[in-house]
Amino acid sequence: MERDLVIIGGGPAGLAAAIEAKKNGIDDILILERDKRLGGILQQCIHNGFGLHVFKEQLTGPEYAQRFIDEVEKLGIEYKLESMVLHLGEDKKIIALNPKDGLFEIEAKAVVLAMGCRERTRGALNIPGSRPAGVFTAGAAQRFVNMEGYMVGKKVVILGSGDIGLIMARRMTLEGAEVKMVVELMPYSTGLKRNIVQCLEDFDIPLLFNHTVTKIHGKERVEGVTIAKVDDKRQPIEGTELFVECDTLLLSVGLIPENELTREAKIEINPVTNGAYVNELMETSIEGIFACGNVVHVHDLVDFVTQESFLAGYGAAKYIKGEKSNSANKFKTKGLNGIRYVVPNIIHPENVKDAVNFYMRVSDVYHNVNLIVKDGDKVLYKSRKNHVSPGEMENVKLSKDILQKVEGDELVFELEEVAI
Amino acid sequence: MFDVAIIGAGIVGTSIARELSKYDLSCVVIEKSNDVSNGSTKANSGIVHAGYDAKEGTLKAKFNVLGSEMYEKICEELDVPYKRNGSLVLAFNDDDLRHIEMLYERGLKNGVKELSIIDKNTVLSLEPNIQDNVVGALYAKTGAIVSPFELAIALAENANENGVEFMFSTTVTNIYKENDVFNIETNNGKFKSRYLVNAAGLFSDEINDMLGGEKFKIIPRRGEYCLFDKSVGNIVTRTIFQTPSNKGKGILVSPTVHGNLFVGPNAIEMDKKDDVSTTKKGIEEILKGGSRSVKNINPRDIITSFAGIRATSDTGDFVINVPTKNAVNAAGIESPGLTASVAIAPYVVSLLENEGLRLTLKNNFIKHRTNTKLFIQMTDDEKKLALSSNSAYGRIICRCEHITEGDIINAIKRPLGARTVDGVKRRVRAGMGRCQGGFCMPRVVEILSRELNIPMTEILKSEEGSYILTGRTK
Amino acid sequence: MIKNMTCINCPLGCQLKVEVDGEIKVSGNKCKRGEEYAKNEITNPLRIITTTVKVEGGDRPLLSVKTDKEIPKSKIFDIMKEINKVKINAPVEIGDIIIENVLGTGANIVATSKIQRAD
């Protein structure tokens, strides 16, 4: 079959991209979602806190997702569930599989990649010890608890203080488990302050910074873990080991964009984000293939995923309608001095609608800094920050007007210390 | 009353079971674990050794070379992934060079075919990621790789299809002879058999003691491994050995039959036979060791690490003998045991025959396994057929390895089918990929529960006691 | 009584020291919102609960729910007990009231996801 636009992934990114493409005049859209329903991981994120930026109210994950699902239904956008894309070619040929249609092939004019991300595992951390049952990624545990209604353990240690880990600490506690502690390798948490207070402090769950799990014990089921303090190189310090009895270890140790299809299509990947390099329209290195959401870079708030994905949908529509400019006038973006990465990576000012939201993450916790954007020596933007942390995305909005006046071939984003 | 009881369902026990299933006999395999291949076999390097390693005249040398020659055919019959990728033993200095020359001579004496010694440039043209300070290598074209647990499962399935019974979760506690009949006492009742095979791996010394055979001791030697993502599975295409030292064979770097890369194992003597935990030191040791041979081994690409225990006997060789009348030991089958086991099996059967076991070939022996292909491996026509018979083949459960619900149901419904999450994983690879079951494990638990009609809370990861869920939330 | 707490109003996360001695004195805050936050946390801390309820005859076994307004923090576990007693029949729409005025708090337990009948 031939389609104008195929969107791979029906989570928040894919849904927003589909809606915006439709609103920009594209009618022939197909969303391919691998799960049994639309909404992606939001369906298991039953806690609230979603939507403050987009809807100016606090929603739970399923509520946030449903608003977009309703919109997709209302706009009559077609989707296929339980549909896994097995192959994506450079030529935008897609092979997918589902129980109803079996194997099917699609030739797409444009594609939006919205596959999201997956969790880092015990294997990636290489935690020594035995290999018993009872070690779960926080997301797998969340699925069992919130979707299937099963408890994964009674005495729990959580490694990693990212938001999913914090949320699961509260969730397990509310369902009757004893969460003994949250152990964090870094000297700070990448989770929201609000979650540290309301998920840990409310229930007197200790949060140990500069600690890690150095061994897993238990032959068949987890019987405990050894934790240890780490030095400033994040290496365990001998003699600080402590055995903690537990039957469950939850891992909340980072997310990795799921770019298997992206790689297969030979799209250029940014080694820092593990996601595709994208331009001002969220277009990848292959013309007509766009990407948005956590498959590009891991976001802190779903609201930003939505904003970015609207842009990808807009970009795909522009491409399909032949309105995208391919002029040579372009420049790159670059993060320096404390800015780990910037998305998007390439800007063609002509294609910018009104402004570009640049998303970035810092490499460490800094206090009292200026976030500045420079075109050569010229400072285009400066904003004072009392506090920045790798856990929170920073966001800089630059208007089309400013972007059109950029003279150099590189826009540099960096932090600068403020003398007090 | 059985004609033959085999104790142990690892690669040795299942090879022997399949060999015996060719004859008109009633056989039982008694296994203490709840699945095939749950001991040393599951954490084996998966190398089919060419046969230049073991000293001429040893049982190891004899059965290694024989086994290596038999492998391709057996894997073809049972549809088990096998790849003759060749192997290199690297030399980094003059001592090493002398050693590989010795191995070359030994290989010739052992009857290994297609052996050669190659120079530095040839090594690097074959394998560009070998460290530049290599000076030469022994090249064995007949070296191959296989998936050890898939082979053991396949052998067991095929034996079962041909009439061999399997008793799982059955631990032998005592054996005594009464009127020339073995009485095998277990936690699961008493079994009687006229002949007995001891293929109890790590515990084969204890079974030998029960049989009153000449004493030997199994010394558990643990080996740790790191498994790498498929994206780096082609760093090397051949199995890369280091020149053995008095400390052992050195660390291997090898692709797997499924396109991953592994590094390992080290060798640590253990007090206990069941401690398969990994250590920080051990993992560092193997990564460092691997990097001596091969460039660009990045710990960031590790998807899991694990350890296995070799059943090394204190005799220095395999123990294949008759401990008491009508019984055969196939014990101490450490490296190159995986390779040797397929050749040991017919030899054990011949020893049983010597003891008086009457062998009559069956005329209805089923040589091949059927319905073994994963959906993703099928041709387009086969895929269509599979989908029309069961739409579950259209539902991907394991995203990393593209394993469908149909594949998983097949793994459960096959002869001696999977009953645990690890059982599914070893049969059809769901959960073997880079996310290590993060997405699919909850789904696999659900499918096991539904297909076996047992509650979710009773689904195990692996052994008895390895429960995954502790109850309902409400 | 002296209590230490973390302000959640912004990412800065000021460590607040709260002295309660008849009146409430807050220190460590860098802005006014910190003081307000601390006072509320001492006098009447409020929270939203999000959890699940068992569903019969639905396309999935659990319905996600929340309190439609903040409830006293001290009542979290009592309210959880009430919620866990409930079993609801499919279908359910977002916003459907599952428990009215739970434990007299004035808050309702409402559905936050859509459940269709299983077929």
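Predicted model: local features only at pLDDT ≥ 70, side-chain atom pairs only at ≥ 80, totals over all residues.

Mentor: Helices and strands are here DSSP runs numbered from the N terminus, a helix having at least four residues and a strand at least two. Chain B contains 12 helices and 23 strands. Its radius of gyration is 22 Å, close to the 23 Å that the globule rule gives for 474 residues, so chain B is as compact as a globular protein of that length. The C-alpha trace spans about 60 × 55 × 45 Å along its principal axes. Of the 474 residues in chain B, 61% are buried.

Asn371(B) occupies the loop between helix H8 (337–354) and helix H9 (380–389) of chain B. Although Asn371(B) is not a glycine, its phi is positive, at about 55°. Its relative accessible area is 53%, and because exposed means over 50%, Asn371(B) belongs to the exposed class. Asn296(B) lies in the loop between H7 and strand S18 (302–313) of chain B. Here too a residue other than glycine has a positive phi, with a value near 65°. Asn296(B) is exposed, having a relative accessible area of 54%.

Side chains of opposite charge can pair when their charged atoms come close. Glu284(B) and Lys280(B) make a salt bridge in which the closest N and O atoms are 3.2 Å apart. Both residues belong to helix H7 of chain B and are separated by 4 residues, about one turn of the helix. Glu284(B) is partly exposed at 42% relative accessibility, and Lys280(B) is likewise partly exposed, with a relative accessible area of 38%. Elsewhere, salt bridges that share partners join Arg34(A), Arg118(A), Glu258(A), Glu260(A), Asp229(B) and Arg434(B) into one network. That network includes residues of chain A as well as of chain B.

Lys273(B) pairs with Asp205(B) in a salt bridge whose closest N and O atoms are 2.9 Å apart. This pair links distant parts of the chain: Lys273(B) sits in the loop between strand S17 (268–269) and helix H7 (280–293), whereas Asp205(B) sits in helix H6 (residues 204–211), 68 residues apart. Buried means under 20% relative accessible area. Lys273(B), with a relative accessible area of 16%, is therefore buried. Asp205(B) is buried as well, at 7%.

Now to the wider assembly. A search of the whole structure gives 64 salt bridges over all chains. One of them, in chain A, connects Asp101(A) to Lys80(A), with the closest N and O atoms 3.0 Å apart. Asp101(A) lies in the loop between strand S7 (93–98) and strand S8 (102–113), and Lys80(A) in strand S5 (residues 78–80), so this pair ties together parts that are 21 residues apart in sequence. Asp101(A) counts as partly exposed at 35% relative accessibility, while Lys80(A) counts as buried at 16%.

Both residues of that pair fall within a span for which there is a record. For residues 4–297 of chain A, an unreviewed UniProt entry lists "domain: FAD/NAD(P)-binding". This span is 22% helix and 31% strand, and its end C-alpha atoms lie 26 Å apart.

One joins Val343(A) and Pro344(A), with omega about 0°; Pro344(A) is placed in the loop between strand S24 (339–343) and strand S25 (346–347) of chain A. The other joins Ala90(C) and Pro91(C), again with omega about 0°. Pro91(C) is in the loop between strand S8 (87–89) and strand S9 (97–99) of chain C.

Key. Residues numbered from 1 in each chain as written. Chains lettered and ligands numbered in written order. Heavy atoms only, no water. Salt bridge = Lys/Arg side-chain N within 4 Å of Asp/Glu carboxyl O. Buried < 20%, exposed > 50% of the residue type's maximum accessible area, 1.4 Å probe, protein only. UniProt positions renumbered as here; feature names shortened; annotations may be inferred. Rg over C-alpha atoms; globule rule 2.2 N^0.38 Å.
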